[in-house]
Amino acid sequence: MNEAAPAQRIDAAEGSGGAARMTFTGRGDEYFRIWIVNLFLTVLTLGIYSAWAKVRKTKYFWQNSRLDGAVFDFHGNPVAILKGRILALALLVAYSWSFEFSVTAGLVTIAILLAVGPWLFVKAQQFKFGNTSYRGLRFGFAATYRDGLRIVLPILVIWFSTTVVAAFVTADGGGPIGTLLLISSASLLLLPWMHHRLKWFQHARATYGDRSFAFEIATSAFYKTYVKAIGLVAAGAAAAFLASVIVAIPLALTGMPPPDWIGVALAGLAMYVFVWPYTAARLQKVVWDHTRLDEMRFHTQIAAWPLAKLVLRNIALTLVTAGLYWPFASVALARYRVECMRIDTDVPLPTIAVGLQARPAAAVGDAAADSFGLDLGL
Amino acid sequence: MTTLAIRAIRFDGKTAVARSVDVHIEGRDLTVVDDEVVLDRTRIDPSRVSERLQRAPRIIALEQGATLEVPDPDGSFDRALEAAGVEPSAVERMQRFWPAALCSLAGVAILAVVAYLHGIPAAANWLAFRFPPGVEQRFGDELMRQLDQRVFDPSTLAADRREAIARRFSEAAAKVAPDVAFRVEYRRMKEEAGVNALALPNGTIVLLDGLVDLANDDDALMGVLAHELGHVAHKHSLRTLLQALGTGAIAAVLWGDFSSVAANVSLTFGVLRYSREFELDADDFAIAFMNQNGIPLDPFADFFTRMEDAVSRKRGASPPEFLSSHPSTEERQRRLREAQVR
């Protein structure tokens, strides 16, 4: 076997340099069949197949994502995903029901979550990145449990503080009600900070081959986006209120009592259709604009309005078809998000490729990349 | 013996360099050649070949971390691979074949309906009667503690009236269901008397003052208590909880990917239907209870009308049945009157 011949022949078509775009080749009708077979086998096996389904789905989306003539691939082990899901389910059940059981049980559960949460976060990232490859090299997540504790634990403490204090408050306003108000408003104010901290941890510790990604701090950009999103929510709520009044008037004239859920439903829809895409698009832009891999800079041209139109279309068609449009919607969304990605570099990509080496085995954090698969939706 | 040469990209797994190569398949052997130099020669191992997708390249893992990405727009590479023993798995065949995919769709629908109508209720019933009793007791005690703290005040009914109702009911229950442990507690709501009665998982039956006042008839109250005892005897609280978990799991599998709102909506509708079934089940228990004790059912049936009037005065018209946790009053009264032993 002949490796590393000094004069590598590289396709001229690939070496455009300057900027590279990603393309997505997945199709809704093809993914529909993968999706429905996955769903059927998952229901048939009482959920166990869901781990294998997840691998098939992830492989489909990565193998159809193309950059500079090569595709991405996913190598996750379904058994690891199944283990992760069982653990996540156990923690979720414990968290949901422990406070019904007793305050002590609730506090013990939260203490366990605080200890295990950072570890799970790190493991989940290692699984996700470590099992993704491009051009024969693996991505990775170089962080230890200690890093996880340092970065994630403060976020978890803030997140759970409201729940813990609320457990001691009685209905007539007894107990630490002042503390509760203080803590819940402080956690709300810290939400953009927490979100940024997680994104920063994810992107700054990610690796590709022997290189590390870098992420510039962008806390203020996160705050700006959140403030604008809150403004949109307020506008949406005002519009929804107006709409519910308009709907209620004819009902009142016919003598029917005005249904109070209409306003709530409209506000929810407005929120989902406009505010979510706006925030998602803006934050994606912020995150990628601040991410680098050596001389490669990342950009996404994702924009609020096209994303909102796409989401509206996806929701409408998914509802009309009782869910059958969902795989087509997933493909459309993936195509938009993938094809918005651009990589800018002064050096042609093939030149960079020559210098990119595989990560030496047994480097920090790679050891247990196969032990746990967990969806965190982050 | 088929021979085929196809252009592909090879990555050596050590750098990110893409190398254009020719891939030959001869029988079961795969050879990777670049400019007359043979880079790999290997027997094809089906487990190292990725599944075929319409527009993605075929990915083949070679020795020592090297990989091949083989574009296959006309399917010729796939045919060569099949000839070399790379057979699609059963799942892959289903995914490629439209009729099989549509059968899967029908299968999902059938399984979901069967699980919802039969599987989940049966599993919850089986599990509920094998649950450690301590847990149920704990849930009930904690719930009662929280209700006392947040919504209930002590009852203001006269003590002898409370005792009389409880004594008459206990004697009747001893005849019909001697092995069901229960306790009757009296409370009122913080703001109002509260027209309601409820059964907790630990066997506590709570009667609110408003209901006792509104009923103003001991036979009707026996019906209410018997109905609640039905919930206790058939472990409806625990079964509701377990069935909600089961329905939630199905809803999450079917719609959780799309939206947690859609999943929650279907969960809510699903659980409401279960709840109406349990109400009718508790009514049946009450009917048997009353008939065996020779207590007339008509006062209990009449009481439903008064109760509905009282509730609608406060909250407006009642919602349609599919939106409600209880079956319609007319339906319940009809069942009670039909069961009255004349």
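**Exercise 1. Find the area buried between chain B and chain A, and the share that carbon and sulfur atoms give.**

Solution. Buried area is the accessible area (1.4 Å probe) that two parts lose on being put together, summed over both. For chain B and chain A this area is about 5600 Å². Carbon and sulfur atoms give 60% of the area.

The model is predicted: local features need pLDDT of at least 70, side-chain atom pairs count only at pLDDT 80 or more, and totals for chains, interfaces and linings use all residues. Residues are numbered from 1 along each chain as its sequence is written, chains are lettered from A and ligands numbered from 1 in the order in which they are written, and side-chain values use heavy atoms, with hydrogens and water left out.

**Exercise 2. Describe how chain B and chain A touch: how many residues are in contact, and which salt bridge does the rule find?**

Solution. Start with contact, meaning heavy atoms within 4.5 Å. By this rule, 57 residues of chain B are in contact with 64 residues of chain A.

Next, take the charged pairs. A salt bridge is a side-chain nitrogen of Lys or Arg within 4 Å of a carboxyl oxygen of Asp or Glu. The rule finds one across this interface. B:Glu51 pairs with A:Arg56, and the closest N and O atoms are 2.5 Å apart. Side chains of opposite charge can pair when their charged atoms come close.

Then take the polar contacts. Each is a pair of N or O atoms within 3.5 Å; within protein, one must be able to donate a hydrogen and the other to accept it, and residues adjacent in sequence count only if both atoms are side-chain atoms. Eight residue pairs across the interface are in polar contact, both residues being at pLDDT 80 or more.

Now see which elements supply the chain B side. Helices (H or I, at least four residues) and strands (E, at least two) are DSSP runs, numbered from the N terminus. Elements that each supply at least two residues include strand E1 (3–11), helix H3 (98–128) and helix H8 (236–255) of chain B. H4(B) gives the most, with eight residues.

**Exercise 3. Work out the strand order of the open sheet in chain B, and its edges.**

Solution. Two strands pair if DSSP finds at least two bridges between them. The four strands run in the order E7-E8-E10-E9 (chain B), with mixed pairing. The edge strands are E7 (152–154) and E9 (197–199) of chain B, each pairing on one side only. Neighbouring strands are turned by 40° against each other on average, direction ignored.

Go through the pairs in turn.

- E7(B) and E8(B) (183–189) are antiparallel over three bridges; B:Pro154 has B:Arg187 as its bridge partner.
- E8(B) and E10(B) are parallel over five bridges; B:Glu185 has B:Val206 as its bridge partner.
- E9(B) and E10(B) (204–208) are antiparallel over three bridges; B:Ala199 stands opposite B:Ile205.

**Exercise 4. Describe the barrel of chain A and the helices against its strands.**

Solution. Ten strands close into a barrel, ordered E1-E2-E3-E4-E5-E6-E7-E8-E9-E10 (chain A), with antiparallel pairing. The twist averages 30° from one strand to the next. E9(A) (296–300) and E10(A) (341–344) pair over four bridges. There, A:His299 has A:Arg342 as its bridge partner.

Axes are lines fitted to C-alpha atoms, for helices over the stretch in contact, and angles run from 0 to 180 degrees between N-to-C directions. Helix H4 (103–130) of chain A packs on the sheet, touching E3, E4, E5 and E6 of chain A. Its direction makes about 170° with that of E5(A). Helix H10 (326–339) of chain A lies across E1, E2 and E10 of chain A, at about 175° to E1(A).
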